[in-house]
Amino acid sequence: MRAWKAATVVGLAAFALVVLVPFWWITSMSFKTYEQIQFAQSIYVPRPFTWENYRGLWLETRFPLWLRNSAVTAIVVTAITTVIACLSGYAVARLRFPGREAVASLILILYLVPPALLFIPLYRVLAELGATNSLAALCLSYPTFTVPFCTWLLIGFFKALPAELEEAALVDGATRVQALRRVLLPLAAPGIVAAAIFAFTLSWNEFLYALVFIQDERTLTVPVGLNLLIYGDVFHWGQLMAASVITTVPVVTLYMFVQRWMVEGLAAGGVKG
Amino acid sequence: MLVVGLIGYPFSRAIWLSFTDKLVGYPERWVGLRNYLYLAEDDSFRTVVVNSLVFTGASVGLKVLTGLAMALVLHATWRWRNFFRGLLLLPWITSTVIIALTWRWMFDAFPGRGFFNSVLLDAGLLSSPIAFMATPGGAMAAVVVANWWRGFPFFGVSYLAGMQSIPGELYEAASVDGAGAWRRFWHITLPGLKHVLIVTILLTVIFTINDFNIVYVMTRGGPGTATQVFATYSYEVAFNQLRWGRGVTIAIYAVPLLIALIPLVSRALLRERA
């Protein structure tokens, strides 16, 4: 047994190392000066330690604007997605209508259609609507992947709730909308929060659509903006790392608060990997 | 219905475009199957197909193996299991663009920027830096590693959930019958995980074969066409060469595979729900 315990500890340490080293590397680089990076000084821990990259990133680049664009897009998409996914998830899980099973399969299939297939025709559709080069393009296109996924997740959550509760509310004279709002939604809150966070994370991290649909540098989101920084100015490694750290922090913080629900949602839904 | 429209309409437009010679700025003309035939004869497109298969096969294979190892380790962890599960999931919630940038620097040839070169030189194991990303094999290995790093935690967590649902009595009975650790793993754990294994592998094949972000950010398909895959080549042809018809056709070439895989995944996932 002792050998197994030792093997477990070694295994855990190895996995933790594999996961943490890349995070540590970008964080440490974000606090190094240009000279430290260029001449490979103080490789492991930045000494002296500098905030210069963060200051430069904030004052000299369009990063704050990109951050704002990303936040606006992610919040709008999350709101749209949560409302639609709650209603359609409820409908598929609870209401009896012909073709219900077919709708459930269709939602799943829509989730599996890869963006790589859709970006060119979607671009044309958005161009015809005159919506390219604006955040509206992203707010319209991101729900094509967030809604099917979150609906699929919520169908599972709604199905897991006992139907008797809702029936009791209906017998007591509540309308269906009241039953949904007062009884079912509060109970499904963990699932809805998980779905909302998935929607937020997926939109916050999205790259391909934003790259294709937006050309104006002031309308970019963070992932595309970062990609621009590499080729735009090859000297600012530290700023790029600082930007990566700033972008990762909100998602990681959100995730720490709701880790348990997200992992349950993940196990329930089957997510991209 | 709205969403069906938002996906269904572009999808049918995609099929239509693939039968035209649409160039940006010119009206489209019907050319029948010419795009398909052109690509079937095209050498760089053949490289793209091979690259996509290598990229997908290698990443999925690595993810399954390390995912299993991670699940076994977490399953055997007696304390702080949820903490470590959360910690190990971090790559999976990080933006793929940031992951791709990070691994680009990790493999960078300059010692101060590239992690591997810095550490190996510092430890005296290397006398001069290696330019990993400059060779076709090295670049492919780098994109596979980045993709693997992002994906394996999801596999590990899924397999852990699967292992936790296997009844403990099975293991006890097997131990009583004298089965060793390896035989217990082979005859109890793996069959118990069969369903999860199938779902994770199929899902990941679908998303990896169409992956864009990691390859685009790390290598832009280079050096040459050494890491060009379906999605990046489609983007390159559509937005750099401005041949939309042909660009769409490249993406559509991956559709037969999707048509074969999607019903399998849906059936597996729907059965889980029933």
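Residues are numbered from 1 along each chain as its sequence is written, while chains are lettered from A and ligands numbered from 1 in the order in which they are written. Because the model is predicted, local features need pLDDT of at least 70 and side-chain atom pairs count only at pLDDT 80 or more, whereas totals for chains, interfaces and linings use all residues.

Q: Which helix of chain B has the highest confidence?
A: Confidence is expressed as pLDDT, which the predictor assigns to each residue on a scale from 0 to 100. The mean for chain B is 81, and 85% of its residues reach 70 or more. The lowest mean, 63, belongs to helix α1 (residues 2-18) of chain B. The highest, 91, belongs to helix α3 (residues 43-76) of chain B.

Q: How many helices and strands does chain A have?
A: Helices (H or I, at least four residues) and strands (E, at least two) are DSSP runs, numbered from the N terminus. Read along the sequence, chain A follows the pattern α-α-α-α-α-α-α-α-α-α-α-α-α-α. The count for chain A is 14 helices and zero strands.

Q: How many helices and strands does chain B have?
A: From the N terminus on, the elements of chain B run α-α-α-α-α-α-α-α-α-α-α-α-α-α. The count for chain B is 14 helices and zero strands.

Q: What percentage of the residues of chain A count as buried?
A: A residue is buried if 20 or more other C-beta atoms, placed from the backbone, lie within 10 Å of its own; it is exposed if 12 or fewer do, and partly exposed in between. In chain B, which has 274 residues, the buried share is 45%. Of the 273 residues of chain A, the buried share is 47%.

Q: Is L17(A) buried or exposed?
A: L17(A) is placed in helix α1 of chain A. Its C-alpha lies 34 Å from that of R62(A), a residue 45 positions away in sequence. Because L17(A) has 10 C-beta neighbours inside 10 Å, it counts as exposed.

Q: How far apart do the C-alpha centres of domain 1 and domain 2 of chain A lie?
A: Domain bounds come from an automatic or database domain assignment. For chain A, this assignment gives domain 1 (1-50) and domain 2 (61-269). The distance between their C-alpha centres is 32 Å.

Q: Which element supplies the largest share of the side of domain 1 of chain A that touches domain 2 of chain A?
A: Two residues are in contact if their C-beta atoms, placed from the backbone, lie within 7 Å. Seven residues of domain 1 of chain A are in contact with seven residues of domain 2 of chain A. On the domain 1 side, α1 (2-30) and α2 (34-38) of chain A each supply at least two residues. The largest share, four residues, comes from α1(A).

Q: At what angle do α1(A) and helix α4 (residues 81-88) of chain B pack?
A: Axes are lines fitted to C-alpha atoms, for helices over the stretch in contact, and angles run from 0 to 180 degrees between N-to-C directions. L12(A), F15(A), A16(A) and V19(A) in α1(A) meet F84(B), L87(B) and L88(B) in α4(B). The axes of the two helices are 9 Å apart, and the angle is about 30°.

Q: Which helix supplies the largest share of the side of chain A that touches chain B?
A: In total, 60 residues of chain A are in contact with 70 residues of chain B. The largest share of the chain A side is twelve residues, supplied by helix α14 (residues 237-269) of chain A.

Q: Why is helix α12 (residues 230-240) of chain B largely enclosed by the rest of the structure?
A: The buried residues of α12(B) include F230(B), Y233(B) and V237(B). They pack against α6 (115-129) of chain A together with α3, α10 (181-209), α11 (213-218) and α13 (244-253) of chain B. Helix α12(B) is largely enclosed because its buried residues number nine of the eleven.
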